[in-house]
Each structure stands twice: as C-alpha cells, then as structure tokens.
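Colleague: Hi, I'm new to this one. Could you walk me through it?

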Amino acid sequence: MGRIIAQTTITNRLDGDKSIQCGMLVDTGAGALILPRSWKDRLGNFLRSEPVQLMLANQEVIRGEACAPVEIKIDGFRPIWNEVVFLDSETEAEDDFEPLLGYVILEQAQAAVDMLGHRLVPVQYIDMK
C-alpha cells in the first residue's frame with residue numbers, strides 16, 4: 001500500500017492562537033492522533049492531560065500523554081474535537097518521528113481511505129455498526 005499524507009491542523013480549544021499544521025501519515029492501524037512530545041509546548045496548556053500506555057505493532061508497550069480538548073481539521077473534511085496523544089521523547093528520535101492520523105479520527109471526520117487512489121475520500125455517514 002502507498003503512503004497517504006493528510007494535511008492537518010491541530011488547534012488547542014482553550015487557546016485558538018496555539019495550533020500546529022503538518023502533514024500526517026494516515027495509519028489505520030493506529031486509533032488516535034499521535035504527535036511527538038517535543039511539539040506539546042506549541043499547543044500550550046490543556047484542560048485535561050493524563051498518562052496513557054500505547055501498544056505498538058510489535059507488542060511493545062510505551063508511555064504517552066493524552067491531552068484535550070483539541071480541534072482537528074483534516075483538509076477537505078469537517079473539523080472534529082478530540083484529544084492528541086504525545087509520545088515520550090525517548091521512544092522516538094524527533095527527526096525520525098512521523099505524526100500519525102489514526103482510524104478513530106478519520107471516522108469522526110467522515111474520511112475513508114481509498115486504497116486504489118491512495119487518498120482520503122469523504123463518506124456520507126458516520127459508521128454506527
């Protein structure tokens with residue numbers, strides 16, 4: 001499968017002046033929106049922040065921090081409110097880190113992966129199955 005990069009803006013809902021725009025790798029194996037911890041200060045303070053554990057594809061468990069609320073706007077799709085998960089800096093070198101856009105965010109934004117066209121496409125309904 002080819003790589004799909006979605007231009008995305010993440011905005012702190014407590015401070016609309018704090019936002020990040022970046023290309024994010026669409027990863028349907030991930031659930032959340034994942035950013036490196038070194039980017040956290042760019043979004044400012046959050047209403048809620050808590051430690052979380054994440055399991056990688058190789059079954060390794062790593063630590064991160066879930067912070068909310070943020071608005072997530074994937075170019076061409078409706079904005080949604082959710083949380084962002086920051087990975088601890090020792091888990092990834094920042095130069096090697098690729099921000100990830102997971103399936104939960106895609107479903108909320110009514111975006112689906114077009115496997116043949118290697119792009120995101122709109123879906124009419126939010127999946128309730």
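Colleague: Let's start with Leu 100: is it buried or exposed?

Modeller: Leu 100 is buried, because its relative accessible area is 19% (buried means under 20%, exposed over 50% and partly exposed in between, with a 1.4 Å probe and protein chains only). Before we go on, this is a predicted model, where local features need pLDDT of at least 70 and side-chain atom pairs count only at pLDDT 80 or more, while totals for chains, interfaces and linings use all residues. Residues are numbered from 1 along each chain as its sequence is written, and side-chain values use heavy atoms, with hydrogens and water left out.

Colleague: Good to know. Where does Leu 100 sit?

Modeller: You'll find Leu 100 in strand E7, residues 100-102. The helices (H or I, at least four residues) and strands (E, at least two) are DSSP runs, numbered from the N terminus.

Colleague: And which residues is Leu 100 in contact with?

Modeller: Setting aside neighbours within four places in sequence, Leu 100 is in contact with Met 24, Leu 25, Asp 27, Ala 32, Leu 33 and Ile 34; contact here means heavy atoms within 4.5 Å. Leu 100 and Pro 36 are 64 residues apart in sequence, with their C-alpha atoms 9.7 Å apart in space.

Colleague: What does Thr 11 touch?

Modeller: Pro 69 is one of the contacts of Thr 11, along with Gly 16, Lys 18, Ser 19, Val 70 and Glu 71, leaving aside neighbours within four places in sequence. Thr 11 belongs to strand E1, residues 5-12, and it counts as buried because its relative accessibility is 10%.

Colleague: What about Ile 72, is it buried or exposed?

Modeller: Buried, at 1% relative accessibility. Ile 72 lies in strand E5 too, and it touches Thr 8, Thr 9, Leu 33, Arg 78, Pro 79, Ile 80, Asn 82, Glu 83 and Ile 105, not counting residues up to four places away in sequence. Ile 72 and Ile 20 are 52 residues apart in sequence and 9.8 Å apart in space, C-alpha to C-alpha.

Colleague: Okay, new topic. How many disulfides are there?

Modeller: A search of the whole structure finds 0, where a disulfide is a pair of cysteine sulfur atoms within 2.5 Å.

Colleague: Let's look at the backbone. What is the phi of Gln 110?

Modeller: Gln 110 has a positive phi of about 60 degrees, although it is not a glycine. Gln 110 lies in the loop between H1 and E8 and counts as buried at 16% relative accessibility.

Colleague: Which residues does Gln 110 touch?

Modeller: Not counting residues up to four places away in sequence, Gln 110 touches Phe 77, Arg 78, Val 121, Pro 122, Val 123, Gln 124, Tyr 125 and Ile 126.

Colleague: How do E8 and E9 pair?

Modeller: In the antiparallel sense, over 4 bridges (two strands pair if DSSP finds at least two bridges between them). Ala 111 stands opposite Pro 122 in E9. The hairpin of E8 and E9 has 4 residues between the strands, and there His 118 takes a positive phi near 50 degrees. His 118 counts as partly exposed, at 37% relative accessibility.

Colleague: Last one: what volume does the second largest pocket have?

Modeller: About 150 Å³. A pocket is an open set of points on a 1 Å grid over the protein atoms alone, where a 1.4 Å probe fits, with protein on both sides within 12 Å along at least five of seven lines; lining residues have an atom within 4 Å of a point. Grid points are joined across faces, edges and corners, and the volume is the space filled by probe spheres set on the points.

Colleague: Which elements give two or more residues to its lining?

Modeller: For the second largest pocket, those are helix H1 (103-108) and strand E8 (111-114). The lining residues include Tyr 103, Leu 106, Ala 111 and Val 113.
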